[in-house]
Amino acid sequence: MAPLRRFVLRLLSLFRTERAEQELSREIDAHLALIEDDLRRQGMSDADARLAARRAFGGVDQAKERHRDARAFRWIDDARRDFAYAVRSLRRSRGFTSAAVVTLALGIGATTAIYSVADAILLQPLPLPDSERLVRIIENERPRGMQPITYQEYLEWRDRTTTLEGLAAITFNPQAMLMTREGAVRVAVAVVSTNYFEVLGATPMRGRTLASSDEAFLDVAVITESTWRRQFRASEAIVGSTIELRSGTFTGASRLVTIVGIMPDNGQELGVVDLYTTIVLPANARPLGLNPLIGRLKPGVSVEAASSEANIIGSALRPPRPDVAPPLTGPRIEARNLKDDMVSGLRPALRVFAVAVGVLLLIVCANVASLLLARGVARRQEMAMRMALGAGRGRIVRQLLTECVVLALAGGLLGAIVGAAGVTLVRQLATVEAEGIFRLVFGGSILPRGEEVVISLRVLLIALGLSMAASMVFGVLPALQLSRNGHTPAHGGARGASSSRAESRTRGLLVCGQLVMATVLLVAAGLLGRSLLNLLQVEKGYDPTNVIAFQLVLPPDYATLRKTATIEHLLARLRAIPDVKAAGFAYAGILLSIENTVGTFVPPGRELSEFAEDQVKPRLKALSGGYFETMRLRVLDGRGIDGRDRETNPLTAVINRSAARRLFGQSRAVGQTLTWHLDAAQPAVQITVAGVVEDVRQAAVDRDAYPEVFMDYRQVIAQTARWGFTAARQEALAIGFMSFAVKTSTDFPTMVPQVRRAVLATDFNAGIDAIQPMETLVANSMARQRFYAVLLGVFAVIAAVLAGVGVYGALAYAVMQRTREIGVRMALGAERRQVVGMILRRGIGLAAVGILVGLGGAFAGARYLEAMLFGVQPRDVVTFAIVAIGFAAVAIAASYLPARRAAAVDPAVALRME
Amino acid sequence: MSSERIELLQGTLDLIVLRALATMGPLHAYALAARLEQVSEHPLALNQGTLYPALVRLEQKGWIKGHWRKTETNRDAKYYDLTAAGRRALDQETEKWRRLSNLVDKLLVDPS
């Protein structure tokens, strides 16, 4: 009790120094007075009494010191005094301080932001228990035409595995509808085996997850938190209620499912999901989606062991690879750590950013180091004076250290703010503005696990520590040098040539290093910037300007005929809007990346076998008249799909340039007849080619066009019906996602209500799934390149500015040091031009070395960028040249200012400087 | 005289101050110093200033408490008085000291 009380009081005493000091002085004065009184009473004179009293008391100051020692923690007090002194001295040289603090903040902030992102994505375990034991089973190099793993194969796999504790299957159904009171709503459904959540170890936020016991009653579902908020207004009563789910391959045409629980959004790692439900039999023979198996390793089992087992089981279960398939380059089937698999796409890019930001931090340290060196040298006289006055070397070093700590702390504090802003910026840059079906295509963010990205305190502390260490080393170096040399260089700051040669070499090295690193960053940013420019300018084959894209949602129980009628009515209504120039329909719009290959198209006089094994067969795209006009697809020959190809007319197709080249080579396609083979069981049919259009980059702006055959969607329905397709398959090929495109003469916000009114007027049950400007979709398609280019661009600009400042600082300092020399030269007849040349030469020399070495480094390292580039070679000469010339110009400009100052030296003043 | 000087063991000064205050009632620092000199018949001959760290230590522990009062000679002085906690502490510390000094005595007397 008493020791604690004393500890607290000693701490508190630090803040009440003044009162305690007054009280102490008063007490000691009284004490002395009392002694004097006594001594005077014994007959001493006043003067003698005063002296004797002092003697009896002992040293007053010593007593006070010891009182202070006992009263408060002295070392804290000392540190505080050093700290206050450091702050005062830093505030005096405002230019130096703000330069150093801002530089440090940029370095610490940028580093913290990028490493926080990398840490959250690459290093942090998934937010699932023992997540490092989760693996995904991957079938490598699956040949074309071989279907993915089926549900039946999954079930047998699950029974055979001995390395896995559990094996689950997940596949995605993008076409499911949730029936709500406001009409049908598209939901992203994940169809999972009942043990899915058990294998993942995921815990629900409300209710329960699906469980193996649900095998008995499969009509259950789990919704995600965002769906709960969006569709059910976060109603607590939702768990236990029944909803209607329609359409889709695994869910059955219409199902009533009971919601048993709600999953938090965090931890939805495998894709965009609104609702999970069970796989309903008889789905056994149907293929699941791509790589649908997720397993959990038994404790102690390695991924390698699971991999080799998966290869054995998988190879036995899966159909044999056809002889024509290219030989495998590795194992056919393997198990891969789930997290590694999820983030593998972004790993190379994050590695590039981590290196870039590391380089930036090095530049920052170099800059702060040269700032501190300059300051240290400039303060030599002050230090020498202090030493002459008796300050110990340790005391001076300690005080310089305090200054460095204060600098680094200020930089770190500001850096934390910069870092937090940086993380927000990264998340925002990575966010893709997409709703409805587009969210499934583009994802919510180009960062996997983007939701988990937060600023990492650990990373911040490491960055702070690094810069603190760097500033301490370079802040104290001059002081150590000083004390090594004894007191001699007291006036040497201005004159001494011997010590400044080593110094100028150090500073030259620092500046060169900065230039090298900044050059590398600039080249990287230049390459990515050019990639983005290329993307912006690439010939897409369509014009997204003022085009609105939306997906229609109709009740799935409408007959096919009613759906086509609704589509036609809606098109008519849309075209009747005054601001609408054109409107069209497609089963899946541009950038939805949904492709269908149906059968084989064979030109006249050729054999089916010549085309049946093509690696890239022409895709079938069902659309309506008006779609080409809306998207401004260029008709090269003949005509486009224009609405006259009704279901009763002979089959007509329009093909794109790639398809024309493959099918007809050099000869004219228009007017020729294609034979469309489905399979051996169904009769082939004839299609007349009515036109050829320019290629369109359908899947994404950075992906090449593929051969396409366009047909009127009503003809596709008619033909697939003749072939005996089920209504669901007919609709999947011809109506599909019901993408509409509307070309308008006005802006998006004014058009949206008009489009919505047209939809409601057409059918009261119809809804809109996602309505967005086509231009936004195009921008989304480039989000990744934009993200890379902007992020690296920011780093490169910071690096270049810092390096420029570095050059300027080094030369300005050199000019300051050589003022006397310059004065002498000028007094001896040197012209101003020569003086300017002398300083410029040094700047250009530094720049030449730094930039050349940097270009070499960039040349060696550029191949790491390859995967991030579009339409530009990693060793693009133009980019290298532009960076070299531009940066050289910056460096020369940075050295010109000090050179001019040198030329302005007045010899008379310079010589009198002693 | 300096040869007769006794170096006080760490902590013993605190105990002595507590004891003096318990015996004499409230004292100011000078009176305290005078009392210590009187009791020890001068061999301590301590600088009176050395009392101050002990006083602040004890006050911070809550064992004594200082008040400003007038002396008989009508001067201001800070008088220190034992608190209840101080009285308890004095008993404990005295007991501890006794045990320690007994032990040391025994060890010193033991001829082997």
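A residue is termed buried here if 20 or more other C-beta atoms lie within 10 Å of its own, with C-beta atoms placed from the backbone. The structure shown is a predicted model.

**View 1. Helix 6 of chain A, residues 94–123.** Of the 30 residues in this helix, 21 are buried, and helix 6 of chain A is thus mostly covered. From its first C-alpha to its last, the helix reaches 41 Å, close to the 44 Å expected at 1.5 Å a residue.

**View 2. The largest nonpolar core.** This core holds 246 residues, of which Leu360(A), Leu521(A), Ala524(A), Phe795(A) and Ala799(A) touch the most other members. When residues up to four places away in sequence are not counted, Ala524(A) touches Ala356(A), Leu792(A), Ala796(A), Ala858(A) and Leu865(A). A second, separate core comprises 34 residues, including Leu21(B), Leu27(B), Val56(B) and Tyr80(B).

**View 3. The side of chain B that touches chain A.** Here 21 residues of chain B are in contact with 24 residues of chain A. Two or more residues are given to this side by each of helix 2 (29–40), helix 3 (51–61) and strand 3 (76–82) of chain B. Helix 3 of chain B supplies the largest share, 6 residues. By residue class, the side of chain B that touches chain A divides into 8 nonpolar, 8 polar and 5 charged residues.

**View 4. The fold of chain A, with 31 helices and 23 strands.** The C-alpha trace of chain A spans about 135 × 80 × 60 Å along its principal axes. Its radius of gyration is 38 Å, whereas a compact globule of 914 residues would have one near 29 Å. Buried residues account for 43% of the 914 residues in chain A.

Methods:
Residues are numbered from 1 along each chain as its sequence is written. Chains are lettered from A and ligands numbered from 1 in the order in which they are written. This is a predicted model: local features need pLDDT of at least 70, side-chain atom pairs count only at pLDDT 80 or more; totals for chains, interfaces and linings use all residues. Two residues are in contact if their C-beta atoms, placed from the backbone, lie within 7 Å. Helices (H or I, at least four residues) and strands (E, at least two) are DSSP runs, numbered from the N terminus. Ala, Val, Leu, Ile, Met, Phe, Trp, Tyr, Cys and Pro count as nonpolar, Asp, Glu, Lys and Arg as charged, and the others, Gly among them, as polar. The expected span of a helix is 1.5 Å times one less than its number of residues. A residue is buried if 20 or more other C-beta atoms lie within 10 Å of its own, exposed if 12 or fewer, and partly exposed in between; C-beta atoms are placed from the backbone. A nonpolar core is a set of buried Ala, Val, Leu, Ile, Met, Phe, Trp, Tyr and Cys residues joined through C-beta atoms within 7 Å. The radius of gyration is taken over C-alpha atoms; the globule rule is 2.2 Å times the number of residues to the power 0.38.
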